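Student: Please take a close look at a single part of this model. I would like to know where it sits and what surrounds it.

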Amino acid sequence: MSDDTKHPDLALADLSCAALAYLGDSVLELCVRNHLVRAGLSTAAHLNKASRQYVTATAQAQAMQRILPMLTEQEAAVYRRGRNNVHSGVPKKATVAEYRAATGMECLFAYLYLTQNQARIDELFALAYPTDGQDTSKREE
């Protein structure tokens, strides 16, 4: 993986899946927050409520199913590495498969961030969470 990085001193292959997932979680969280604020949500309560539709393991697993066919070989390898990593626990509201897929997604987004590929992050996020004409700002009631 280190051949793709723009940080010569950072060997992505040497980073643990836990570290990638940790970073990827924050990358996805920033994508979600950006999306929701741009959609017109303005209060913390509404933003937090709406963000749950994106950041749960179940939602991330569903999103991964939408983008999996669009991944490059390298991206798919990073996803599989995260998905196949040994997990010590599973959230109460997710299956083991959902949790593993969500971890893979977090690793993928960390990889894209570390390789400074913001355009690909934006592209995959939009494909993972299509709006289908829904106005997210209408959720603010």
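Tutor: Helices here are DSSP runs of H or I with at least four residues, and strands are runs of E with at least two, numbered from the N terminus. The model is predicted, with local features needing pLDDT of at least 70 and side-chain atom pairs pLDDT 80 or more, while totals for chains, interfaces and linings use all residues. Residues are numbered from 1 along each chain as its sequence is written, and side-chain values use heavy atoms, leaving out hydrogens and water.

With a relative accessibility of 1%, Ile-121 counts as buried (under 20% relative accessible area; exposed is over 50% and partly exposed in between, with a 1.4 Å probe and protein chains only). Beyond its neighbours within four places in sequence, Ile-121 is in contact (heavy atoms within 4.5 Å) with Val-27, Cys-31, Phe-109, Leu-112 and Tyr-113. Its C-alpha atom is 8.9 Å from that of Leu-28, a residue 93 places away along the chain.

Helix α6 covers residues 118–128, and Arg-120, Ile-121, Leu-124, Phe-125 and Ala-128 are its buried residues. Viewed down the axis of α6, these fall within an arc of 130° (taken from the directions from the helix axis to the C-beta atoms), so they line one face of the helix. That set packs against α1 (17–38), α2 (44–55), α3 (57–67), α4 (73–83) and α5 (96–114).

Two pairs among these partners can be described further. The axes of α4 and α5 come within 7 Å and cross at roughly 135° (lines fitted to C-alpha atoms, for helices over the stretch in contact, with angles from 0 to 180 degrees between N-to-C directions). This makes α4 oblique to α5, the class left over once under 35 degrees is roughly parallel, over 145 roughly antiparallel and 65 to 115 roughly perpendicular. On the α4 side the contact includes Val-78 and Tyr-79, and on the α5 side Leu-108 and Leu-112 are among the residues involved; Leu-112 also touches Ile-121. By class, the α4–α5 contact has eight nonpolar, four polar and three charged residues (Ala, Val, Leu, Ile, Met, Phe, Trp, Tyr, Cys and Pro are nonpolar, Asp, Glu, Lys and Arg charged, the others, Gly among them, polar).

For α1 and α2, the axes come within 10 Å and cross at roughly 130°, and the two helices are therefore oblique to each other. Glu-29, Val-32, His-35, Leu-36 and Val-37 of α1 meet Leu-47, Ala-50, Ser-51, Tyr-54 and Val-55 of α2. Seven nonpolar, two polar and one charged residues make up the contact of α1 with α2.
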